[in-house]
Amino acid sequence: MSPSPRPQRGALRGQAKRRLLLIGLLVTLLIFAVTSLSYRVLKQRDLEQRREQVRAHYNQLLPRLGSQQLSQGLQLAARIEFSRILERPSAERWPMLTAFLNAQWSFSTFSNLVVLDPAGKPIYRHGAESDSLLLQASQAPHWLYEPQYHQLYRIYRIPLWLGSEGQGQLVLFKTLSHSSLSEWAIPQTQLELTHEGRLVARSSAEPVDALDDPARYLRLEIPWPRDEAAEGQTYPVLLAYRDLGDLLPHGQFVARPVALALLILGLLWYGLGRWLGGTVRRIESLGQGARRYARQHDRNQLLPALAPALERDDEIKDTALAFEHLVAAIEEREQEQLSYLQTLELLEEAVIEFNAEGRILRASPAWSALCHQEDGQCDCIHSQIHPDDLPLLKAQAEQLFQGQKQGVTLRLRLHAKGRGRAGHDLWIEARLLAFADRHGRVENVRGVLRDITQTYTHEQQISHMALHDALTELPNRVLLEDRFKIALRLAARNEEMVGVCFIDLDHFKLVNDSLGHKAGDRLLLSFADRLQQSLRKGDTLARWGGDEFVLLLPEMQDENDIRTVAGKVISALQQPLEVMDNEIRMTLSMGVAVYPNDSEEMETLFSQADRAMFFAKAQGRNQLCFFHDMSSKGPGKQELYIQNRLAAAVEQGLIQAWFQPVVDSRSHACTSLEVLARWQDAENGWISPATFIPMAENLGLIGALGNKILLDSLDALCRLNQLGYDLWVAVNISKRQLFIPGFVEWLLQELAERGLRPGQLILEITESVALSDVESGADTVQRLRGAGFHLAIDDFGTGYSSLSQLHEMQANELKIDISFIRRLFQPDGKTMVQAIIRMAQALEMKTVAEGVETSECAELLAQMGADCLQGYLFGKPMPLAEFELWLERNRQEPRIATS
């Protein structure tokens, strides 16, 4: 009976060869056709992509060039006005202006300029072609082609203050030449500029006719961006020619896949005859062995049946050996599954599997414990989820069953009824994955659920403390700004007004001085309660700092509504406030800015309301002042004076480095010192860092100021080393300093010149900068760490952070923000401080508590595990000479400051 299958197998081999040959030829023809069609499609797509790339590039470049040139013109006008040359007598100012322009002209992009008086009459010209250009400039307000010079000019008209003559005009002419187009040309692109049909400039000397070849160049016409204010003006057109010489020819594109297909077909044809016969026999033995094992389930009968497949060492033998180990693998897998189930019973996380209707198919014992139900009673997951969170679970599960998502992570609440948890909901984190069958249909969803109630509660407490004031529980600046942005978006959509009111209590310092700070705090609480009673439901009252409050009034129809609410606020203080059995009458000064009348930007509205409030105080206090009602002699002059003095103060070193000690929490011995910036102006006295630091950031002076304070800190460290003190110096580093190129190398060089080690310097970075820019500044942080510097996260707790970000930051020290220390003797405040300390200990980070002002606070922080303390209890910020005296006293006998 054995001979009959062999001819059959031979016929099958011949038939397979013929079919393979036919299929190979068809595949070759198909590859040729598809490749040819693909070449056309890809070529057309490539041409479209190149056209869009060139067009997009110059559509972005041309407006940017116009903006840059206009900005340069405005800067030139500003420099001329700032020099005050035009305010001098006529006999002096024009020669001085010519000298000034000659000195500046090498840096200017304009070839000619003309100064017009208020009546439009030219009174000054500069440039070789300015005379002839001015005659035609009035008829061409923006573009001018001068046939005499064969040049196209872009005209900019900028207001210019002429001193006693009033407001004049500066007319600037920008030449568009061949060199300009050469600078704009990108690789493999030639440019031409035309105006009113004439060729004005070209980027290369290649013949014009050569660019008209469509097989060689792709031609694009890019109109110059138009100015809406210049209707009827003829604008130039930029012609871009993209070289197509780098396109792959059709023959080379098609020949490669066709040749590869023919080669593969030949190799298959040659080797198939010798290989197919033995392979068929060995493969049949695999099928025979599989059928025999399926019938008998006997591992001892499997090896004889697979003997032909084991003749040679190849994939078929590997497959045959796999059959032999199949049963053993199945038995091992069953044992592993049993072990997994036993392990799941030890975990606190619950593992469940449910279908599209929510019926639980499988669940670990932890699920019953999580639901506080006996086994078998939790048959549907929907019945255990809080009604408010059930739609979320159903929506996400539906996406999993439909195959729209592979997995999701949710936070849900379980019912608290019948669990003995005092009616509190149980928060769980559910990580769900979709599992599909062999046809790709998702039948079940599996998930891991764990109890995160305590974590969620702590997050809510941290979020509330980060967004609310510690004393009054009112929204702080972060929450206020978020609500302000929402109010502005709604107002813009609904065409409504928004009012922002800055409120300052008059003579609040007298209350602190006469009745004490506790009475002042009670007064602020009473004031906040009184104001909230007179506000609408959608209004926001926030504490800005000290005795300053901000009132946000959204959804206002007109300014009279804002005035009405502001009047209610002032009327609310007509009755005295009760503070510690005392009746205190207080008045307030209020400044109001209105969106969109005063500005459409949040920061500008804040600034304007603040200025209006200072104006109200300047008018005698107990006043309400709207920003647009202020006179021209408002309070902005003082801010402008400080701003103008700041650059000189930084340059002249008037801003000094002061030092505040940081002591060990146990021994109160000084371990380090923090460097703080202080500025005493000759006219305004001491200016708060909260005033001049933001100004320095806005003016771009923060880098120079930070470097100056940093160098003063290094000099102070050298001085203290010479006196025999081994201390660390903590210096605040701004975001601009941290990410400036070469900062690490510069700092190492300054340390080396003074003989200092990087390990003696602690670089303090605020939490918001550290955690929002940790990814972009990872390289700088790693180089600082590698160089041996210590990194500290300042004001920790005021930003939004995560353990993963803290781990990536790899800081050595956490400085707990003063807002948490002030709430230390409150239950929630103590809990949060303890949590921060334990988290820092888990991350092997040192903790420093800021704002320690009482011995009770210091003792409690030491008991909680804080490493170091800082605050007025031990020493106020002081100059270096006073700090040296303080160190001498502290070295002899560490003690708490008495003043």
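What does the accessible surface of the protein chain come to, and what share of this surface belongs to carbon and sulfur atoms? The accessible surface amounts to about 48,600 Å², and 52% of it belongs to carbon and sulfur atoms. Areas of this kind were computed by the Shrake-Rupley method with a 1.4 Å probe, and for residues only the protein chains shown count as cover. The model is predicted: local features need pLDDT of at least 70, side-chain atom pairs count only at pLDDT 80 or more, and totals for chains, interfaces and linings use all residues. Residues are numbered from 1 along each chain as its sequence is written, and side-chain values use heavy atoms, with hydrogens and water left out.

The protein chain has 899 residues, of which 43% count as buried; buried stands for under 20% relative accessible area, exposed for over 50%, and partly exposed for values in between (1.4 Å probe, protein chains only). Its secondary structure consists of 28 helices and 30 strands, where helices (H or I, at least four residues) and strands (E, at least two) are DSSP runs numbered from the N terminus. Among the contacts in the chain with a separation of 6 or more, 60% are between residues 24 or more positions apart; a contact requires heavy atoms within 4.5 Å.

An open sheet is formed by 4 strands in the order β7-β6-β9-β8, with antiparallel pairing; strands are taken to pair if DSSP finds at least two bridges between them. Its edge strands, β7 (198-202) and β8 (217-223), each pair on one side only. Neighbouring strands of this sheet are turned against each other by 25 degrees on average, direction ignored. Axes here are lines fitted to C-alpha atoms, for helices over the stretch in contact, and angles between N-to-C directions run from 0 to 180 degrees. Within the sheet, β6 (residues 189-195) is joined to β7 by 4 bridges in the antiparallel sense, and H195 is placed opposite R198 in β7.

A further open sheet is built from 5 strands in the order β16-β17-β15-β20-β21, and its pairing is mixed. The edge positions are taken by β16 (540-545) and β21 (624-626), each of which pairs on one side only. From one strand to the next the twist averages 20 degrees. Helix α12 (residues 477-494) packs on this sheet and touches β15, β16, β17 and β20 (588-595), its direction making about 20 degrees with that of β17. Strands β15 (residues 497-505) and β17 (residues 548-556) pair in the antiparallel sense over 7 bridges, with L552 in β17 as the bridge partner of V500. The loop between β16 and β17 contains D547, which counts as buried at 16% relative accessibility. Apart from its neighbours within four places in sequence, D547 is in contact with I503, D504, L505, F508 and L524.

Side chains of opposite charge can pair when their charged atoms come close. With a salt bridge defined as a side-chain nitrogen of Lys or Arg within 4 Å of a carboxyl oxygen of Asp or Glu, the count comes to 23. In helix α1, D46 and R50 lie 4 residues apart, about one turn of the helix, and their side chains form a salt bridge with an N to O distance of 3.1 Å. R50 is buried at 8% relative accessibility, whereas D46 is partly exposed at 22%. The side chains of K708 and D712 also meet in a salt bridge (2.7 Å, N to O). These residues are 4 apart in helix α19 (residues 702-722), a separation of about one helical turn; D712 is partly exposed, with a relative accessible area of 23%.

Another salt bridge joins R783 and E745, whose closest N and O atoms are 3.1 Å apart. This pair links distant parts of the chain, since R783 lies in helix α23 (residues 778-787) and E745 in helix α21 (residues 743-753), 38 residues apart. Both are partly exposed, R783 at 31% and E745 at 45% relative accessibility. A network of salt bridges connects E674, E764, K815 and E850.
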